[in-house]
Amino acid sequence: MTVVVRTVARIIAPMILAFGGYVIMHGHLTPGGGFQGGAVAASALALLAISFGFGRWKGIKAPLSFLEDLGALAFVALGFLGIGYTFFRNVLAASGGLFGAPVPPGPNPGLLETGGTLPLMNWAVGLKVIAGLGSVVLLLGLFGGEDDR
Amino acid sequence: MTFGVHAPILAIAVPLLGAFALPVFTKLHRSLRDIWAAAVGAFTCAMVITVAVQVFTSGVQVYTLGAASPTASVVQGGFPIRIVLAVDGMSAFMGLISALVGLASLVYSFGFLKEEQGKTLAMTLFFLLWAGMLGMEYTGDMFNFFVFLEVTSIAACSLVGYRTWESAPVEAAFKTMAMYTVGGLLVLLSIGILYGEYGALNIAYLSSKVVGSQLDKIALGLLLGGLLMKAGAVPAHMWAPDAYGEAPAQAAIVLVANTQASLYGLWRVLFTLFVGVLSAPAVGWLVASLGALTILVAVLAAVTQRDLGRLIAYGAVSQIGYMLLGVGVGLAALSSRQDWGLVAMKGGIFHMLNDAATVGLLMLAAGVVRRATGTKDLASLGGLGHDLKWTSGFFLLGVLALAGIPPLNGFASKFLIYESSFRLSPILAAIAVLGSILLLAVFARAFQGAFLGPRLREARPASPAMLAAMGILAAVILAMGLAPGFFVEHLVGPAAEALWRGRDLYLAAVLGG
């Protein structure tokens, strides 16, 4: 792509990634969540891949697949965290630890530190979607090359 | 018992965890992956058996996800708010079928799949498919059912088409994906209608609220269409021969179990969700006629096949017809509570287990043939019995069982279907018998063509793991053939009863009181 596209992509891609991260991070407070934020962030990968050519991103396909796998693994593992009570039990909520702040009764502006395992699950899903959609985009671009499977 | 209450969710979550952890273990070392796969497979089977024992001894088992305790009530303020797993006799029975087929598939894949041809990928997809099937069978929530249906769809299509270096599997996978997607969308639309009408997705709660409005009838029709599409019943069977024929053998048998999971969804919808409002004789006749049509069309199509894989695939489709016929006849007799209705249900449900074992055995044997000679074309096969002694024996056993030759298991279930469908309409019984006879003719020809005669070429013998997998299924077939009474009384009977008059127990277990 032309230098104009590359320059704009270079400036915009970090912003898209940051916004995707924001949507994932606030998934338990605002509309959005792991899937939506992951899709936003993956669009940054698509932008970079298209503007700089697919060839130079070939090397990150395998790490992306591995990352996707880790995301899925983390999600199931978080489900198992509650197995002392039931599967998917939110054991971290209001426990005082990570994301464990109690939610005060009444209206609040949205406290990031709440939600227990929900934000962690959002991150797991977000990771999976970034990596999954990213590798789909890469595969579409690389299709027909020797590496297409 | 503290551990046993978690068994239903562990049976779903462990294969899921197993699937996602498998590639990670492969990165470390291949032998670690094999140990992990074997451990996950064994643990899942143990969980499924635990569930079955608990359900058959102490009734419907409910598991409330995310609650403080697994048995906490889902209903709060008169409204169900959590996702539940609800396992009754039928679900537990289906779980056993899935576990049996999954175990055979896993053992087979150790010896069958080649490292350089995506062994890790195939095993990962297999565990996903397995988790999805068990999820469909154990869930007590319509939307969860749809999610697991889609999990199985995606995993199944990938398993059909992951061998992208050949053209036929990819085409088969595309066809399958198109049909699965349409079927899945029909199911989703119908769930949307039910949710819009009643504001809930819990099957038991929906069942207690459903009024039988015009919208409910549309939802029922959509569910019927979507699930039959996924089950591969005529007239939506065209994906099945491609998928079964082209999928590698260890995946094809799981696809068969997967179509049965869709059928289970259909039974659940008909007998639990809508049974209070539907016109049972009309819908029963519809299902039974579709079953008879499926038998006729699939068997006639099987007669003309020249490819061993496709021939078995049409055989598998025809068996779906017997299940539909048996349970359809049961549904038609449900409102008048005729005894032969329950007999028909037992026949149809028993046939699901028989079909999983016999068609599975045939497909695994066909996989050995393909691996030994590189082809499944019946015209160029012959004399394989000289080299593949065990495989020929297993294939012959499968053929006889599939055709319903006494004393094998196919005879037991088909006889139940014949005698009961005769009470509803002699024509249905005649079609069922005709289908069996033609099937025997078709498969006798296939056996003769592939395994008998002079030795045409050197064949590569099956590996011990593959023989062991076929041995598992053959042992089950023989056991069911020699002691059908035991199976009917202890497994099939409770499963059929759970559908026949178990709705109130199911509702009481989930909703309480």
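**Chain A, its interface and chain B**

Guide: The model is a predicted one. Among contacts in chain A between residues at least 6 apart in sequence, 68% link residues at least 24 apart.

Visitor: What is the pattern of chain A along the sequence?
Guide: The pattern reads α-α-α-α. Chain A has four helices and zero strands.

Visitor: And what does the C-alpha trace of chain A span along its principal axes?
Guide: The span is about 55 × 30 × 20 Å. Of the 149 residues in chain A, 38% are buried.

Visitor: How many residues of chain A are in contact with chain B?
Guide: On the chain A side there are 14, and they are in contact with 17 residues of chain B. The chain A side of this contact comprises eight nonpolar, three polar and three charged residues.

Visitor: Switching to chain B: at what angle do α3(B) and α13(B) pack?
Guide: Helix α3 (residues 89-112) and helix α13 (residues 339-373) of chain B pack at an angle of about 10 degrees, and their axes are 10 Å apart. Angles under 35 degrees count as roughly parallel, so α3(B) and α13(B) are roughly parallel to each other.

Visitor: Which residues meet there, in α3(B) and α13(B)?
Guide: From α3(B), the residues include B:Phe93, B:Ile97, B:Leu100 and B:Val101; from α13(B), they include B:Ile349, B:Met352, B:Leu353 and B:Arg371. By class, the contact has 13 nonpolar, two polar and one charged residues.

Visitor: How are B:Arg370 and B:Ala131 separated?
Guide: Their C-alpha atoms are 28 Å apart, and the two residues are 239 residues apart along the chain.

Visitor: One more helix, α1(B). Where does α1(B) bend?
Guide: The bend, of about 35 degrees, is at B:Ala21, and the proline B:Pro23 follows within four residues.

Visitor: What distance does α1(B) reach from its first C-alpha to its last?
Guide: Helix α1 (residues 7-28) of chain B, with 22 residues, reaches 30 Å, close to the 32 Å expected at 1.5 Å a residue.

Visitor: And how many residues of α1(B) are buried?
Guide: The number is 18 of its 22 residues, and α1(B) is thus mostly covered.

Definitions and conventions
Residues are numbered from 1 along each chain as its sequence is written. Chains are lettered from A and ligands numbered from 1 in the order in which they are written. This is a predicted model: local features need pLDDT of at least 70, side-chain atom pairs count only at pLDDT 80 or more; totals for chains, interfaces and linings use all residues. Two residues are in contact if their C-beta atoms, placed from the backbone, lie within 7 Å. Ala, Val, Leu, Ile, Met, Phe, Trp, Tyr, Cys and Pro count as nonpolar, Asp, Glu, Lys and Arg as charged, and the others, Gly among them, as polar. Axes are lines fitted to C-alpha atoms, for helices over the stretch in contact, and angles run from 0 to 180 degrees between N-to-C directions. Helices (H or I, at least four residues) and strands (E, at least two) are DSSP runs, numbered from the N terminus. Angles under 35 degrees count as roughly parallel, over 145 as roughly antiparallel, 65 to 115 as roughly perpendicular and the rest as oblique. The expected span of a helix is 1.5 Å times one less than its number of residues. The bend at a residue is the angle between axes fitted to the seven residues ending there and the seven starting there. A residue is buried if 20 or more other C-beta atoms lie within 10 Å of its own, exposed if 12 or fewer, and partly exposed in between; C-beta atoms are placed from the backbone.
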